[in-house]
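Grab your viewer and work through the exercises below. Each one sets a task and then walks through a solution.

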Amino acid sequence: MSLFKIAWRSIQQRGLASALTGFSMALGVALVVAVLVIHHVVQDAFQRNAGLGYDMIVGAKGGKLQLVLNTVYHLSTPVENIPYSYLKEFTTGAYKDYVGKVVPYCLGDNYEGYRVVATTPEIFENEFYTEDEKYTFAQGRNFKQDKFFEGVVGALAARRLGLKVGDTFRPAHGVMNDGLGHKHDAFTVVGILAPTGTPNDRALFINMEGFYLLENHAKPVPGEPEPTAKAEAKHEDHDHDHNDEHDHHEPLPENKREVTALLVRAKNTTASMFLPNKINEANIAQAVSPIREIRGLFDVIVEPIQWLLLGLTVLIVIVSGIGILVSIYNSMSERRREIGVMRALGARRSTVMSIIMLESVLLSLGGGVVGWLMGRGLIATLSPVIVAQTGVSIGFAPLMSSELFLIPGLICLSALVGYLPAMTAYRTDVARALASSP
Amino acid sequence: MLSLKGLKKSFAEPGGGRLPVLDVPEFHLGEAEQAVLLGRSGCGKSTLLHIIAGISTPNAGSVEIDGVNIVKLDEAERDRVRAEKIGYIFQTFNLLTGFTALENVMLGMTFARGKRDEKRAKELLDRVGLAHRLKHKPSTLSVGEQQRVAVARALANRPRLLLADEPTASVDPKHQQQVIDLIRSTCREEGVAIFLVTHAPEVASQFDRVEHLEQFNRVAALA
């Protein structure tokens, strides 16, 4: 019979106390694992998705982080708009030579609580959202520039909303689904994006030209007729679900257009450093590095909170370890005779000490393994909630190096907490122990 | 097999003096010999067995087992001698309650280097009539059965010497004879020497060699 078995039998003998101390250790480890994994995965996912392949976000002056959050992560409220003419600076104007690609975003609508992004088809055309992952369509195709009322839907939004190719949806004004927003005309779903694990999975993308023609989306221009009147008059003449083959709409004049943000990819590294300065100096808009903003958010707010949480959970594990110490130590007086018998049968002092230490290790590691499984289970349970709230997909997080430190960490902790009762066993006077009442 | 010479043991008293417990001038036990030490309770019988087993050390004298004076050995070496050469039967059996009968027998093997022979443990339990109770824990065994497990455990490591401390004291009179018969016959079969201490003359009378504590231990004689 091995020493492990002897230690295990002792644990079994104190079944309830062992189960409770092991469970408290499991809870502590589960929390540590949850904090570690969520910290790692969310940080990784946020920072990996931060740019979506773009160097900078250009938008109205104001909160930089807010601009990144509502443009890349579809969180927070959109910032003010910038003139459409400013987009021309990037396509044909002063910044043209520095720009590799620019994609405009018009924000401010939702469909059933999911953000609607009005943009151009270029956003998905031969576009990589990470270094080596390209946007693809699980169903259908990209929307076309000349089909004003076409749209594509992110994988998660399509699944949650039950949308498929051929369906229509009517965006509502506002970014929240509060039921108060005016419902616009319908857009036809022509494509469903394959899952990307980015916040774009939970957004709907519509043709910007159609967006401009929706009620109250044209910028009022002094001295000109109400912008939507003409468009709406034309609009009334045809099928509102836009099921007809051809669009008969006139595009909104450029002086009545605005954009919320521009996703800009610089032509080269030099341009990526030079362009933000040029934009910021011009005082019309601001250029923000999404990666820098997200890193800043993590450095200043998220990281300290994560460390605090990690510290608290490690304290819980230490308290659980002390629980194991108390449990084993309290059992020592009733096990004195048992230790005496083992010694009388030839067990060395070091052997009985090892048995007690093994009990501590088994309780700690057993609780640790259960806790690891619980932590991973907790993450799997929380994963859909995190995706729904942030668009950041946790998925199956691979084993992290910090999790591997749990094993030696728990062994060290169990050795520390097992030491005191083990020394009590070591010092047991065999003759007195045998003479004590059974 | 066992040889005691000039063995003395005393305990410190609260007042600073020492209370003598043992003074054994000389004692020899041959190979497979069976001897009993008869004396009243509280006269140092258990202390003597602890010293022979290497659990306690004497203040003076020697304890030779197979020609090795264990008093000169360090504690770890005495532990090994105890594990490999000595079997011990306690008055209250001292079976570990969380372990089955088989595990209790194998427990002694765990502490003797390289000896974990489940077959031997099962054979011993079969020999003491408990082949059908291998998986039973002590709480589900009768007093007699518990003592039989204790006998099997004491013999598990094929010891050269069996020390038995009042092995019938906790057994009802009806089963006392069975326990003594079991110990004697099993030790005879295994070629194991017995040194049994008891306060019961009816137990002592069954042995060919009976030592009376008053002659054996000078301290007891003075008392």
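Before you start: this is a predicted model, where local features need pLDDT of at least 70, side-chain atom pairs count only at pLDDT 80 or more, and totals for chains, interfaces and linings use all residues. Residues are numbered from 1 along each chain as its sequence is written, while chains are lettered from A and ligands numbered from 1 in the order in which they are written.

**Exercise 1. Get an overview of chain B.**

Task: find how many helices and strands chain B has, and what share of its residues is buried.

Step 1. Chain B has nine helices and nine strands. Helices (H or I, at least four residues) and strands (E, at least two) are DSSP runs, numbered from the N terminus.

Step 2. Of the 223 residues in chain B, 51% are buried. A residue counts as buried if 20 or more other C-beta atoms lie within 10 Å of its own, exposed if 12 or fewer, and partly exposed in between, with C-beta atoms placed from the backbone.

Step 3. Now look at contacts in chain B with a separation of 6 or more: 71% of them join residues 24 or more positions apart. Contact here means that the C-beta atoms of two residues, placed from the backbone, lie within 7 Å.

**Exercise 2. Trace the five-stranded sheet of chain B.**

Task: work out the strand order and say which strands sit at the edges.

Step 1. The sheet is open, its pairing is parallel, and its order is β6-β7-β8-β3-β9 (chain B). Two strands pair if DSSP finds at least two bridges between them.

Step 2. At the edges are β6 (86-89) and β9 (209-212) of chain B, each pairing on one side only. Neighbouring strands of the sheet are turned by 15° against each other on average, direction ignored. For such angles, axes are lines fitted to C-alpha atoms, for helices over the stretch in contact, and values run from 0 to 180 degrees between N-to-C directions.

Step 3. Check the pairs. β7(B) and β8(B) share five bridges, with Leu163(B) opposite Phe195(B). From β7(B) the chain crosses through helix α6 (residues 173-190) of chain B to β8(B), in a right-handed β-α-β crossover. Right-handed means that, with the strands pointing away from the viewer, the path from the first strand over the helix to the second runs clockwise.

Step 4. Carry on to β3(B), which pairs with β8(B) over five bridges; here Gln34(B) faces Ile194(B). Strand β3 (residues 34-38) of chain B also pairs with β9(B), over four bridges, and Leu38(B) stands opposite His212(B).

Step 5. Finish with a helix on the sheet: α5 (residues 143-155) of chain B lies across β6 and β7 (161-165) of chain B, at about 165° to β6(B).

**Exercise 3. Sort the side chains of β8(B).**

Task: decide which residues point which way from β8(B).

Step 1. In a regular strand the side chains alternate between the two faces of the sheet.

Step 2. Ala193(B), Phe195(B) and Val197(B) point one way, and Ile194(B), Leu196(B) and Thr198(B) the other.

Step 3. Then check burial: six of the six residues in β8 (residues 193-198) of chain B are buried.

**Exercise 4. Describe chain A's side of the interface.**

Task: find which element of chain A gives the most residues to the side that touches chain B.

Step 1. In total, 19 residues of chain A are in contact with 24 residues of chain B.

Step 2. The elements of chain A giving two or more residues are α1 (3-13), α10 (336-344) and α14 (430-435). α1(A) gives the most, with five.

Step 3. One more look at α10(A): eight of its nine residues are buried, including Ile339(A) and Met342(A). Just after α10(A) comes Gly346(A), with a positive phi of about 115°.
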